[in-house]
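I opened this entry to get my bearings in a structure I had not seen before. My notes follow in the order I looked things up.

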Amino acid sequence: MDWDTYYEKFYDWATSTQISRMSSLTSFGKSSEVAEVAQEYMDERAASRLVKKAVAYGVQFTPEEIYDLSGCCDTSAMNELLRSAKCSLTQEQLEDLWGAADDEVLALVAKRNHVTL
C-alpha cells in the first residue's frame, strides 16, 4: 500500500488496523505526515516501527519533528533517526534529546553539527 492511501484512510481505521496496515507500506510521504501518524498511534512500539521503516525508506525529518518523535519512540528508533538525520541540530536541540537517544549517538550528531555537549 502506498503512503497516500494509508494516510488518507488512517483516521477512519481502528487503532489495530492502523498498526497492522503499516507492514504493507511500500512508500512514504512527507516527514510531517509520518511524524503525525507516529504520534497518533499512542503506542511506542508501533511508532518506533513506523519511524524505523520511514528512515529505511529515506525519509528525512526536521529538528522539530525529531524532537516531537522523541516523546513517542523508543531509544532504538531515536538512535536510527538521529544517525540518519541530515538536518542541522543546535546544542539546545541535542540537549533536549538527552535520555531519548544513546549518549554516543548524541555525541556523534553533536560532532557532525559542530556543537559541544
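**Asn 113 and its surroundings**

I began with one side chain: that of Asn 113 reaches the backbone nitrogen of Leu 89 at 2.9 Å. I kept in mind that this is a predicted model. Where does Asn 113 sit? I found Asn 113 in the segment after α8, the helix of residues 103-112. I then listed what Asn 113 touches beyond four places in sequence: Cys 87, Ser 88 and Leu 89. Is Asn 113 buried or exposed? Its relative accessible area is 15%, under the 20% limit, so I noted Asn 113 as buried.

**The whole chain**

Next I stepped back. I counted 8 helices and 0 strands. Read along the sequence, the pattern is α-α-α-α-α-α-α-α. I looked up the box that the C-alpha atoms fill along the principal axes, and it is roughly 45 × 20 × 20 Å. For 117 residues, a compact globule would have a radius of gyration near 13 Å; the chain has 14 Å, and I noted that this agrees. Buried residues make up 42% of the 117 residues.

**Helix α4**

I turned to α4, residues 44-56. At the start of α4, I found a side-chain oxygen of Asp 43 within 3.0 Å of the backbone nitrogen of Arg 45. After α4 comes Gly 58, with a positive phi near 95°.

Which residues of α4 are buried? I wrote down Ala 46, Ala 47, Ser 48, Leu 50, Val 51, Ala 54 and Val 55. I recalled that an α-helix has 3.6 residues a turn, so residues three or four places apart point the same way. The buried residues of α4 pack against α1 (3-9), α2 (15-22), α3 (31-40), α5 (63-69) and α6 (75-84).

**The nonpolar core**

I looked up the largest nonpolar core and found 40 residues in it. Tyr 41, Leu 50, Phe 61 and Leu 69 have the most contacts inside this core. At least two core residues come from each of α1, α2, α3, α4, α5, α6 and α8. Which helix gives the most to the core? I found that α4 does, with 6 residues.

Leaving out residues up to four places away in sequence, Leu 50 touches Trp 3, Met 22, Leu 25, Phe 28, Val 34, Val 37, Ala 38 and Tyr 41.

**Ser 48**

Ser 48 also lies in α4. I noted Ser 48 as buried because its relative accessible area is 2%. What does its side chain reach? A polar atom of the Ser 48 side chain lies 2.8 Å from the backbone oxygen of Glu 44. The Ser 48 side chain also reaches the backbone nitrogen of Asp 74 at 2.7 Å. Beyond its neighbours within four places, I found Ser 48 in contact with Cys 72, Cys 73, Asp 74 and Ala 77.

**The cysteines**

Those contacts sent me to the cysteines. How many disulfides are there? My count came to 0 disulfides. Cys 73 is in none; the nearest cysteine sulfur, that of Cys 72, is 4.1 Å away. Cys 73 counts as buried because its relative accessibility is 5%.

**Two positive phi values**

Last, I looked at the backbone. Most residues other than glycine have a negative phi. Met 42 is not a glycine, yet its phi is positive, about 55°. I placed Met 42 in the loop between α3 and α4. Met 42 counts as exposed because its relative accessibility is 75%.

His 114, also a residue other than glycine, has a positive phi near 60°. His 114 is in the segment after α8. At 74% relative accessibility, I noted His 114 as exposed.

Definitions and conventions: Residues numbered from 1 in each chain as written. Predicted model: local features only at pLDDT ≥ 70, side-chain atom pairs only at ≥ 80, totals over all residues. Heavy atoms only, no water. Helix = DSSP H or I, 4+ residues; strand = E, 2+ residues; numbered from the N terminus. Buried < 20%, exposed > 50% of the residue type's maximum accessible area, 1.4 Å probe, protein only. Polar contact = N/O pair within 3.5 Å; in protein donor to acceptor, adjacent residues only side chain to side chain. Contact = heavy atoms within 4.5 Å. Expected span 1.5 Å × (residues − 1). Core = buried A, V, L, I, M, F, W, Y, C linked by side-chain atoms within 4.5 Å. Disulfide = S-S within 2.5 Å. Rg over C-alpha atoms; globule rule 2.2 N^0.38 Å.
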